[in-house]
Amino acid sequence: MSKHGNFVIETQGITKSYGEVNALRGVDLQVPPHTIFGFLGPNGAGKTTLMKILLGLSHPTSGSGTIFGQDIVKESVTIRERIGYLPQQPRFIEHMSARENLLFTARFFFSGPQKSILERCNEMLELVGLADKADRPIGGFSGGEKQRLGIALAQVNYPDLLILDEPASALDPLGRQDVLQVMSRLRKHTTIFYSTHILDDVQRVSDSVAILNHGQVVASGPIGQILDGKEGVVYSLVVKGSPAGVGERLSALPWVTHTTVAQKNGSSLWQVSVSDEAAAETSLLRTLLEDRTLTVTDFRRKRYELEEVFMEIVNGGNHGR
Amino acid sequence: MAANLKLEHASEWSAVRGFSNLLWKENRAWWGTRRWWVNAILWPVLLGGLVAVMLFVLPGVADPGNDPNVAAAGGPLPFALQMGRTVFFELGTLAVALGVIVLLQDSIVEEKQSGVAEWLLAKPVARRSYVLAKLVASTLAVLTLLVGLPSLVSYLLLSMREGTPFPPLSFLGGLAIMTVHTFFYLTLTLMLGTVFNNRAPILGIALGSILGGTLLGGLIQPLLYVTPWMLGKFASLVAGSEPVPAGLLWAPLSATVVWSAIFLLVALVKFERSEY
C-alpha cells in the first residue's frame with residue numbers, strides 16, 4: 001500500500017517523450033486496492049506506455065510513481081516480485097510446454113519445495129482450464145488458450161497486482177467471456193489494472209476506470225460515478241399531459257436545479273437535474289402524481305452508457321473530472 | 001486458490017536476481033532441444049573431416065619433388081601433419097567464429113522482436129542477469145560443441161596419424177588461443193544483439209570483422225597488434241611448437257581479451273538502459 005495514500009498504484013505527473021512526440025503528458029493516477037481498474041483510451045493514447053513504465057520496462061521522462069508505496073524506478077525489481085503481467089500478445093518460451101512455462105515462470109518467484117511449485121502450477125492450469133493440455137506444445141494452442149495460459153503465467157506468483165494489457169482485445173466473444181470470467185474470479189485475491197478499448201467489458205467487470213486521451217487522464221473514478229455523467233444526478237421522466245403544468249410543479253421544488261423538455265409522440269420527455277438526491281428519490285415522482293391530469297409513463301435515474309461518456313470525452317468534450 | 005501452499009520465496013543476490021532461472025532456460029535452449037546434437041555432429045564432422053582429408057589423403061598426392069613446401073616440411077607425412085594442424089587451427093578458428101555469429105546473431109534480437117525479452121524483464125529479474133545468462137550458457141555450449149568436440153576429434157586424428165600422442169601442451173596452447181578468438185566473437189555478437197533490433201547489422205558487422213579483418217590488417221599492419229585477426233595463425237604455430245615472437249603474440253591476445261571485456265561491459269550497460 002502507498003505510504004502517501006491507500007492506493008496500490010499512485011502516479012504523479014508522469015510524462016514520457018520520444019523525441020518530439022509526447023506519449024504521456026503528466027499522468028496522475030490512483031488505483032485503490034482490490035479493484036478491477038479499467039484503463040481506457042483510444043489506440044495510441046499511451047496506455048501501454050504507462051503500463052511499461054509501471055513495470056520498469058521503460059523509464060518516465062519526468063514525474064514519479066509508486067506501487068505498494070515503492071518507487072517504480074528505483075525499486076522496480078522488488079515491486080515486480082508482487083506483480084503479474086500479461087502483455088498484449090502473451091509470450092511464452094516456445095520450446096516448452098504450458099506446464100514447463102509455468103514452472104519456469106514460478107521459479108522467478110519461488111525456490112522450493114519443487115513439489116509445492118509444481119502443485120501451484122497445476123492449480124493455475126486448473127484455474128484457467130488448461131490442465132488437459134498442459135504438456136502439449138504451445139504452438140498448437142488457440143488464441144483463447146494462449147490468453148488463458150498468459151493469465152495463468154501472470155497469476156502464478158499470487159500477485160498483489162495484476163497488470164493486463166488488452167487481455168481480451170484479440171479474442172472472439174467466447175474467448176473474451178473466458179478471460180472476463182477468470183478476471184472476475186481473481187477479483188477477491190488481487191488488484192487488477194487492465195487496459196482495453198472494449199467498453200462493454202469494462203462496464204461488465206470494472207469497479208473503477210480512468211480514461212486516457214492524448215497522453216492525459218481525462219476522467220477517472222468509480223464506474224458508477226463515471227456513468228452518472230458530468231451533470232450530476234439527473235432524472236428522466238416521460239409525462240403525458242400539459243407540459244406547462246409539469247414545468248410549474250418542477251420549478252417549485254427547491255432542489256431542482258435545471259430542467260429540459262422535449263416532445264415525443266404526444267408525451268413530454270423531461271430531464272431534471274437535482275441537487276438533493278435523497279429528496280428527489282422520495283418526492284419527485286410523488287409531486288408530479290399529485291396532479292391527476294398528468295400521467296407518468298417512465299421515471300428513472302439517468303445513467304450513461306460508458307460508450308457515451310467515452311465518446312464525449314475522447315471526441316472533444318472533457319468532463320474535467 | 002490455495003494461497004496456503006508452502007512455497008519459499010526465491011532469495012537471490014539482488015544484483016543478479018533471476019540469473020539461475022534464466023541460465024536454466026538458456027541451457028535448456030541449447031541442451032534440451034535438437035540444437036545440441038545437430039552441433040555435436042556438425043562441427044566434429046566438418047572440422048575433423050577436413051583434418052582427416054589433410055592427414056590421410058594429402059600424403060598420397062603430395063610430391064616432395066614438385067612441391068617445395070612438402071620438401072621443406074620433411075616429406076609427405078610431416079607435411080600432412082602440418083597441414084592438418086593448420087587446417088584445424090587456422091581454418092577452424094575462422095569457421096568456429098562464423099558458427100558463433102550465425103548461432104548467436106538472433107539470441108537477443110529474436111527475443112526483443114518477439115516480446116519474450118519484455119515478458120522476462122517484467123519478472124523480478126535484474127537486467128544484467130539476462131545478458132550474463134546468455135553469455136554463460138552460450139560460452140559453455142560453444143566451447144563444448146564448437147571447440148571441445150572438434151578439438152578432441154582432431155587431436156585423436158593427429159595423434160593417430162603421427163603414431164604417437166600429439167604434444168598435448170602445445171595443442172592446448174593453440175586451443176587456448178582459439179578459445180580467446182571464439183570468445184571475442186561471442187561477446188561481440190551478444191553486444192550487437194543488445195545494440196540493434198534486427199539481424200542485418202549484427203551479421204554485417206560481425207562477419208565484416210572476420211572477413212574484412214585480414215584484408216584490413218594487411219593494409220594497416222598495426223591493426224594486427226590490437227585485433228584478433230592473426231590469432232588463428234598464432235594458434236596453429238603454438239600448437240605446432242613453432243616459434244612466435246612474444247610481442248607479436250601477446251599484444252593481439254591481450255587486446256582481444258580486453259575487447260571481449262569491453263563488449264561485455266557495453267552489452268550490460270546498453271541492455272540496462274534499453275526500453276521495451
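Okay, let's start in chain B, where helix H4 (residues 76-104) packs against helix H8 (residues 168-195) at an angle of about 25°, with the axes 9 Å apart. Helices here are DSSP runs of H or I with at least four residues, strands are E runs of at least two, and both are numbered from the N terminus. The axes are lines fitted to C-alpha atoms, for helices over the stretch in contact, and angles run from 0 to 180 degrees between N-to-C directions. So H4(B) and H8(B) are roughly parallel to each other, a label for angles under 35 degrees, with over 145 being roughly antiparallel, 65 to 115 roughly perpendicular and the rest oblique.

Which residues make that contact? On H4(B) they include Phe89(B), Gly92(B), Thr93(B) and Val96(B), and on H8(B) they include Gly174(B), Met178(B), His181(B) and Thr182(B). Contact means that the C-beta atoms, placed from the backbone, lie within 7 Å. By class, the residues of this contact are 10 nonpolar, 6 polar and no charged. Nonpolar covers Ala, Val, Leu, Ile, Met, Phe, Trp, Tyr, Cys and Pro; charged covers Asp, Glu, Lys and Arg; the others, Gly among them, are polar.

Before I go on, a word on the model: it's predicted, so local features need pLDDT of at least 70 and side-chain atom pairs count only at pLDDT 80 or more, while totals for chains, interfaces and linings use all residues. Residues are numbered from 1 along each chain as its sequence is written, and chains are lettered from A and ligands numbered from 1 in the order in which they are written.

Now chain B as a whole. Of the 276 residues in chain B, 43% are buried, where buried means 20 or more other C-beta atoms within 10 Å of a residue's own, exposed means 12 or fewer, and partly exposed is in between, with C-beta atoms placed from the backbone. And take the chain B contacts between residues at least 6 apart in sequence: 80% of them join residues at least 24 apart.

How do the two chains meet? 28 residues of chain A are in contact with 30 residues of chain B. On chain A's side, H4(A) gives the most, with 5 residues, and that side has 12 nonpolar, 8 polar and 8 charged residues. Pairing here takes at least two DSSP bridges between the strands.

Over to chain A. Here 4 strands form an open antiparallel sheet in the order E2-E1-E4-E5. The edges are E2 (21-31) and E5 (70-71), each pairing on one side only. E4(A) is joined to E5(A) by 2 bridges, and Thr66(A) has Asp71(A) as its bridge partner.

What lies across the sheet strands E1, E2 and E4 of chain A? That's helix H1 (residues 47-54), running at about 115° to E1(A). Is H1(A) mostly covered or mostly open? Covered: 8 of its 8 residues are buried, including Lys47(A), Leu50(A) and Ile53(A). After H1(A) comes Gly56(A), with a positive phi near 80°.

Terms used. Two residues are in contact if their C-beta atoms, placed from the backbone, lie within 7 Å.
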